[in-house]
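Subject: Structure handover

Hello,

I am passing on the structure for you to look through. My notes on it come after it.

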Amino acid sequence: MKAPAAEQLKLLDLQAADNQVAQLEHSLRTLPQEKRLAELQRDSAAARAEYASVSGELESAQNEITRVEADIHTVTAREKRDNERLQATSSSKDIQGLERELESLRVRRLTLEDTELAVMERVEEIEVRLGAITARRDDIATEERMLAGARDEQRQRILKQLEIARSERDAVAGGIVPELLALYQKLRERYGVGAALLQRRVSLGSNVELTGTDLAAIRAAAPDDVVLDPESTCILVRTDESGL
């Protein structure tokens, strides 16, 4: 392919514009907040799961207190009834039976009260744990909101820059002859680089110094010949800096 040297020189501006677009697109895909937000999402899920588990413990303990209180109420009612019967009877046999039952009920009530106290202490301990989990969950949510806000602001800023960069890139591309532009785009899509400067016998597309044989072939080429880098297969743009 042939193209005027001035047209080939425009490819360096186009490659620079494409590099700028690629860098912005990469920045958009790799926003610095995303990694921490992913960690926070995992922490948040763990905190929610732990909160649900500890809430279940609290509910079970509270239900146990309700059952124990019901048992205490039942025992207390029986003690009251037996005391009333004890006051009303004069039978020594009934008195002995009632006194034995009252002692048994007293022991049962004291055991239940000890159990209630232990469960109440457990409830307090669970509530402390639940409070700590809630505080941690709230802290995570706060950091998530702040980071998401910062990420969204940065994303919008990059999107605006990207819109400008793409517009500028299209403007540069529009000034290049179609055949040369088509070759550049084909090479860039295939190899990642469409054009590069040959600077002091080094291709900036591959950062490799060309061999004597390759340089001789390029020296023999006409100024309007489109030559390719033997290493990176991009278009080599020749200038006074090429060292030919």
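This is a predicted model: local features need pLDDT of at least 70, side-chain atom pairs count only at pLDDT 80 or more; totals for chains, interfaces and linings use all residues.

Residues are numbered from 1 along each chain as its sequence is written, and side-chain values use heavy atoms, with hydrogens and water left out.

The sheet

Helices (H or I, at least four residues) and strands (E, at least two) are DSSP runs, numbered from the N terminus. The sheet is open and has 5 strands in the order β3-β2-β1-β5-β4, with mixed pairing. At its edges are β3 (208–209) and β4 (227–228), each of which pairs on one side only. Two strands count as paired if DSSP finds at least two bridges between them.

- β1 and β2 (residues 202–203) run antiparallel and are joined by 2 bridges; L198 stands opposite S203 in β2.
- β1 and β5 run parallel and are joined by 4 bridges; the partner of A196 in β5 is L236.
- β4 and β5 pair in the antiparallel sense over 2 bridges; the partner of V227 in β5 is L236.

β4 and β5 also form a hairpin with 6 residues between them, and T233 in the turn has a positive phi of about 60 degrees. In β5, I235 and V237 point one way and L236 and R238 the other, and all are buried (under 20% relative accessible area; exposed is over 50% and partly exposed in between, with a 1.4 Å probe and protein chains only).

The helices and the cores

Helix α1 (residues 5–29) has 25 residues, which at 1.5 Å a residue should span 36 Å; its end C-alpha atoms are 37 Å apart, which agrees. The expected span is 1.5 Å times one less than the number of residues. Among the buried residues of α1 are E7, Q8, L11 and L14. The buried residues of α1 pack against α3, α4 (178–191), β1 (195–199) and β5 (235–238).

A nonpolar core is a set of buried Ala, Val, Leu, Ile, Met, Phe, Trp, Tyr and Cys residues joined through side-chain atoms within 4.5 Å. The largest one has 13 residues, and L11, L14, L180, Y184 and I235 have the most contacts inside it. At least two residues each come from α1, α4 and β5, and α4 gives the most, with 4 residues. A second, separate core of 9 residues includes L58, I65, V119 and L130.

Two residues to look at

Where does D224 lie? D224 is in the loop between α5 (212–220) and β4. At 29% relative accessibility, D224 counts as partly exposed. Leaving out residues up to four places away in sequence, D224 touches M1, K2, A3, P4 and Q8 (contact means heavy atoms within 4.5 Å). The side chains of D224 and K2 are joined by a polar contact of 3.4 Å. A polar contact is a pair of N or O atoms within 3.5 Å; within protein, one must be able to donate a hydrogen and the other to accept it, and residues adjacent in sequence count only if both atoms are side-chain atoms. The C-alpha atoms of D224 and A6 are separated by 8.9 Å, though these residues are 218 apart along the chain.

R109 lies in helix α3 (residues 92–174). Its side chain makes a polar contact of 2.6 Å with the side chain of E79. Apart from neighbours within four places in sequence, R109 is in contact with V75, T76 and E79.

Regards
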